[in-house]
Structures are given as C-alpha cells and as structure tokens.
Amino acid sequence: MRDADPGLFGPDSVTWQMHGDPMMWVAGVRALYFQALHPRVVRGVMQNSDFRRDAWGRLMRTADFVGALSYGTTETAEQAGERVRRIHRLLKATDPDTGEVYRVDEPELLLWVHCAEIASYVEVLRRSGYPLTPDLADRYIDEQRESARLVGLDPADVPADRAQMRAYFARMRPELAVGEEARAVDDFLRRPPTPPLLAPARELLWRRVANLAYGALPAYAHTLYGRPAPAPRAVDVRLRATGGLLRCVPGRLRWQLPPRHILRAMERLGPGSRPAPYRPIGRAAILDGPGRAMRGDGGDTTRWRKPG
C-alpha cells in the first residue's frame with residue numbers, strides 16, 4: 001500500500017475529500033447551466049454532441065472523467081486527459097451569424113468550461129454545509145489547475161484562488177449571453193426526456209435537483225436566463241437541507257454506483273484513504289510527480305506561475 005500510486009492529488013488533497021461528497025451531483029448540474037452562458041462554448045457542445053439524445057450518457061462520461069482525474073492512478077488520469085484532448089482537437093463549430101468556423105479547444109473556451117465547473121463545485125459544497133474554509137477553497141482551486149492542464153490549458157493562465165476566479169468572472173460577464181442553444185440546455189435540464197414510467201420520478205426528484213442547481217447560480221445568470229430564482233438565503237437553506245439528507249447515505253453505499261473510482265482508490269491505497277470532509281489535510285501544493293497535492297510546500301516552489 002505504501003508504494004501504491006496516489007494519483008495526481010492523493011488523500012491529503014482538498015480535491016480527494018471534496019469530490020467524494022454527494023452534492024457534487026448538484027454542483028455538476030449548476031456547472032452545466034453556468035457553462036451554457038458562453039455562446040461559443042454552448043454552440044460547440046450542441047453542434048458536436050448528441051446531448052439531447054444521450055444526456056445521461058454524457059453526464060456519466062463527465063463523472064467518469066472527473067473521477068479518473070481525482071482518484072485514478074497517474075497513468076489513468078494522464079490517459080483520460082489525452083483522450084479528451086484528442087477528441088477536442090477534431091471538433092469545430094460554426095457561428096451561424098458570421099459563418100466563422102472555430103475549434104472547440106480554443107484556450108478561451110476551455111478556460112470558461114474549467115472555471116464554471118470548479119466555481120460550481122466550490123459554491124455548492126460551501127453553501128450546502130461542507131466544511132470548506134476560505135483557505136481550503138483557495139487550495140482546491142489551485143489544485144484544480146492540474147485538471148486544467150489535462151484538458152489542454154497552460155496552468156499559469158488559470159485562476160489559482162478565489163480572488164483570481166472572481167476577477168476572471170468579472171472580465172467575462174460582457175461576453176455572456178443566453179441564445180437559442182443556452183435555452184435548449186435550460187429546457188432540457190428542467191425536463192429531460194425519460195421513459196413514461198420514469199416521468200413521475202423526473203417530476204419528483206430531478207426537477208428539484210435542477211431547480212436547486214439553477215437557484216445556486218449567481219444573480220446575473222438568472223437575469224440572463226430570464227427566469228426568477230428564490231432569494232439566496234432561501235437557496236442556502238435548501239442546499240443545506242439537501243446536503244444534510246444526502247450525506248446521511250453511507251459513503252460506501254453511494255460509491256457503489258458506477259464508475260466506482262473512490263472504492264478502487266481505497267482498495268489501492270488502503271482504508272485510510274477514505275474521503276472524509278473533516279479529515280485533517282496537510283499543506284498542499286501542485287508539484288511535479290504523482291500525488292503532487294500531497295507532498296506540498298505551501299506553493300513557494302510550484303512550477304506554475306500564479307496569474308495576476
């Protein structure tokens with residue numbers, strides 16, 4: 001066990017602890033809403049995927065990718081990143097207004113997808129009662145520059161803490177808009193196609209998840225979508241109630257669901273690697289080599305310059 005590969009992050013990272021929380025599913029839906037606010041990003045998705053016909057498969061593939069990066073071996077994570085980069089290199093989209101053809105792996109677009117996703121994870125877990133201090137949130141955002149590298153970004157250009165993330169979103173706001181594609185994502189998330197027998201479950205469970213994820217968006221996103229949302233304080237109450245309920249389900253039961261990355265990591269590294277929100281976490285930095293978030297020095301010798 002001592003010589004087992006901890007992967008890119010390892011049990012002493014914030015990533016390892018956060019990504020085992022069940023509210024990550026709500027955060028993932030919030031990320032989809034948020035990502036769709038960038039017209040070029042959402043256009044690339046809609047023109048290159050069967051999102052409407054295979055949305056559940058797409059969501060599971062995304063969960064598999066995040067799980068592989070978070071809990072897989074270094075080789076598994078690197079291979080997953082290489083597959084994503086290879087696919088993205090082949091994909092293009094067309095702006096219907098100008099006729100411009102562009103690649104979906106442009107750094108600007110990859111950066112928006114990354115930041116919208118990571119900010120959603122931080123926001124939902126924090127507001128739902130997960131013990132995420134400001135320092136831990138900054139460390140998590142810094143750790144996730146490793147995930148940004150795997151999808152093709154230069155980590156030096158990626159926000160490394162909450163302040164830089166806020167500054168990035170402030171710069172991006174003039175470029176955000178809700179067009180036909182974003183409305184299609186909104187419509188789908190509110191009422192995804194399901195077999196008739198599962199329609200009651202969709203109304204009872206999924207719509208509540210989607211509404212909660214939508215409510216957790218920033219106020220300017222609600223304005224762009226043109227749909228009202230409960231007051232932030234009311235959303236916080238619902239997030240905490242949902243988080244409290246989901247966290248009552250034992251982790252080993254939740255983690256039995258595919259793709260079971262956490263259980264495989266625990267088998268590889270031993271029971272002491274079990275994700276636990278109150279586990280003491282050592283100082284983290286993103287360094288060369290596997291488990292780089294475990295063997296940190298506070299970031300002073302990181303090979304990536306922090307932006308700003």
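1. Start with Tyr225. Leaving aside neighbours within four places in sequence, Tyr225 is in contact with Tyr33, Ala36, Leu37, Val178, Ala182, Arg183, Asp186, Tyr214 and Leu217, where contact means heavy atoms within 4.5 Å. Bear in mind that this is a predicted model, with local features needing pLDDT of at least 70 and side-chain atom pairs counting only at pLDDT 80 or more, while totals for chains, interfaces and linings use all residues. Side-chain values use heavy atoms, with hydrogens and water left out, and residues are numbered from 1 along each chain as its sequence is written.

2. Tyr225 also turns up in the largest nonpolar core: of its 73 residues, Trp112, Phe169 and Tyr225 touch the most other members. Helix α6 (residues 107–127) gives this core its largest share, 12 residues. A nonpolar core here is a set of buried Ala, Val, Leu, Ile, Met, Phe, Trp, Tyr and Cys residues joined through side-chain atoms within 4.5 Å. Buried means under 20% relative accessible area, exposed over 50%, and partly exposed in between (1.4 Å probe, protein chains only).

3. On to the helices, where the protein comes to 15 of them plus two strands. Both are DSSP runs numbered from the N terminus (helices H or I, at least four residues; strands E, at least two). Ala265 and Met266 are among the buried residues of α15 (residues 261–269), together with His261, Ile262, Leu263 and Leu269. After α15 comes Gly270, with a positive phi near 105°.

4. How much of α2 is buried? The count is 10 of its 12 residues, so α2 is largely enclosed by the rest of the structure. Helix α2 (residues 24–35) reaches 16 Å from first C-alpha to last, close to the 16 Å expected at 1.5 Å a residue; the expected span is 1.5 Å times one less than the number of residues.

5. Two arginines are worth a look. Arg40, in helix α3 (residues 39–48), has a relative accessible area of 18%, so it counts as buried. Its side chain makes a polar contact of 3.1 Å with that of Glu106. For the record, a polar contact is a pair of N or O atoms within 3.5 Å; within protein, one must be able to donate a hydrogen and the other to accept it, and residues adjacent in sequence count only if both atoms are side-chain atoms. Beyond four places in sequence, Arg40 touches Glu100, Tyr102, Glu106 and Leu109.

6. Arg89, in helix α5 (residues 74–89), is partly exposed at 42% relative accessibility. Not counting residues up to four places away, Arg89 touches Glu82, Arg103 and Asp105. Arg89 and Val104 are 15 residues apart in sequence and 7.6 Å apart in space, C-alpha to C-alpha.

7. Cysteines: the structure holds zero disulfides, a disulfide being a pair of cysteine sulfur atoms within 2.5 Å. Cys115 is buried at 0% relative accessible area, whereas Cys248 is exposed at 63%.

8. Finally, confidence. The average pLDDT (the predictor's confidence in each residue, from 0 to 100) is 88, and 86% of the residues score at least 70. Over residues 283–290 the pLDDT is below 50, yet this stretch has 40 contacts in the model beyond near neighbours in sequence. Residues 293–303 are also below 50, with 36 such contacts.
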